[in-house]
Amino acid sequence: MRWRYILKTEKNYTKKPKMVLFDYGQTLIAEQNFDGVKGTKAVLRYATKNKYHLSAEQVQAKADEINREFGRFDPKKRHLFQMEIPNTMFTPYLYESQGIEIALNNSEIDTVFCNAAAPGIPTEGIKDFLRYLKNKGIRTGVISNISYAPSVVAERINRLLPENTFEFIITSSNFMFRKPNKRIFDLALEKAELQPDEVWYIGDQYECDVKGSLNAGMMLVWYIGAMDLPYAEDKNILTINTWSELERYMEV
């Protein structure tokens, strides 16, 4: 597939967006380093049956084994994995296959696990930037590659960014396709009733966010202020470290 890149020039970005779409992790919310054992320990507190008396470390080792089989979270390959396996499918297999029963439904398990394994805080300055967009009358929404239940993502965003005016929060766990697949961006455009050149997309992950949104025809802003993966600069991409930097850019 040939990717269509937009050069970092004033000409390309003089048309102000009608809507700005955001990635979730390391864009809106900076999550701490993932610790699956902490998450599993939190979930196992709700176990009503643990047939083989497995520890959190043993359960998480099985989860890691399964994920390696799929190649789900390999930073070098995860952009190739364009169909989501929701935790609401993964979790029942993980626990029940090991003789464990949990006194929570699948979404509740996701909430407990996520809060323990990957706590997060708003990226610095994002609240002010969202307020800026609202005052300018620019609509906003979210597209996230994430396996957690949609309710988990929405709850975290609304709790940490309570003044947001996101019209929708699209998650791959709810709509099957993962970025950079063009279909998930097309879904957002359909829900917004806008054309690609009327929308800016902001994300941190190069293969999924940058290439995906550009291939969908959107204007792309690469936010690296909370990035937790190695990256190489691309001088052809509008790249920002802070939200205030982008705000100043939009005022030009």
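This is a predicted model: local features need pLDDT of at least 70, side-chain atom pairs count only at pLDDT 80 or more; totals for chains, interfaces and linings use all residues.
1. The largest pocket holds about 1,200 Å³ of space, and 43 residues line it. Those that lie nearest its centre are Glu 31, Phe 34, Phe 73, Arg 78 and Tyr 148. Two or more lining residues come from each of the helices α3 (56-70), α4 (87-96), α5 (106-117) and α10 (206-215).

2. Turning to the aromatic rings, the structure holds 10 aromatic pairs. In one of them, Tyr 223 and Trp 243 are stacked, with 4.3 Å from centre to centre and 20° between the planes. Tyr 223 belongs to strand β9 (residues 219-223) and Trp 243 to helix α11 (residues 243-250), so this pair ties together parts that are 20 residues apart in sequence. Both residues, Tyr 223 and Trp 243, are buried, and they also belong to one aromatic cluster together with Phe 22, Phe 129, Tyr 132 and Phe 166.

3. A ring can also have a charged residue over it: Arg 72 lies over the face of Phe 90, at 5.0 Å from the ring centre.

4. Leaving out residues up to four places away in sequence, Thr 123 touches Gln 26, Thr 27, Leu 28, Ile 29, Ala 30, Tyr 223, Ala 226 and Trp 243.

5. Gly 141, in strand β6 (residues 139-144), is buried, with a relative accessibility of 0%. Apart from neighbours within four places in sequence, its contacts are Met 19, Val 20, Leu 21, Phe 22, Phe 166, Glu 167 and Phe 168. Gly 141 and Asp 23 are 118 residues apart in sequence, while their C-alpha atoms are 8.9 Å apart in space.

6. Ala 116 is found in helix α5 and counts as partly exposed, at 25% relative accessibility. When its neighbours within four places in sequence are set aside, Ala 116 is in contact with Lys 38, Gly 39 and Ala 42. Between the C-alpha atoms of Ala 116 and Arg 78 there are 23 Å, and the two residues are 38 apart along the chain.

7. The backbone calls for some care when reading the model. Most residues other than glycine have a negative phi, and most peptide bonds are trans. Here, however, a cis peptide bond joins Lys 179 and Pro 180, with omega about 15°, and Pro 180 has its place in the loop between α8 (172-175) and α9 (182-192).

8. Positive phi values can be inspected at two residues other than glycine. Met 176 has a phi near 75° and is found in the loop between α8 and α9, where Met 176 counts as partly exposed at 42% relative accessibility. Glu 193 has a phi near 60° and is found in the loop between α9 and β8 (199-203). How does the exposure of Glu 193 come out, and at what relative accessible area? Glu 193 is exposed, with a value of 71%.

Note on methods
Residues are numbered from 1 along each chain as its sequence is written. Side-chain values use heavy atoms; hydrogens and water are left out. Rings of Phe, Tyr and Trp (its six-membered ring) pair if their centres lie within 6.5 Å; planes under 30 degrees apart count as stacked, over 60 as edge-to-face and the rest as tilted. Helices (H or I, at least four residues) and strands (E, at least two) are DSSP runs, numbered from the N terminus. Buried means under 20% relative accessible area, exposed over 50%, partly exposed in between (1.4 Å probe, protein chains only). A charge sits over a ring if NZ of Lys or CZ of Arg is within 6 Å of the ring centre and within 35 degrees of the ring normal. Contact means heavy atoms within 4.5 Å. On a 1 Å grid over the protein atoms alone, a cavity is a set of points where a 1.4 Å probe fits but cannot get out, and a pocket is an open set with protein on both sides within 12 Å along at least five of seven lines; lining residues have an atom within 4 Å of a point. Grid points are joined across faces, edges and corners, and a volume is the space filled by probe spheres set on the points.
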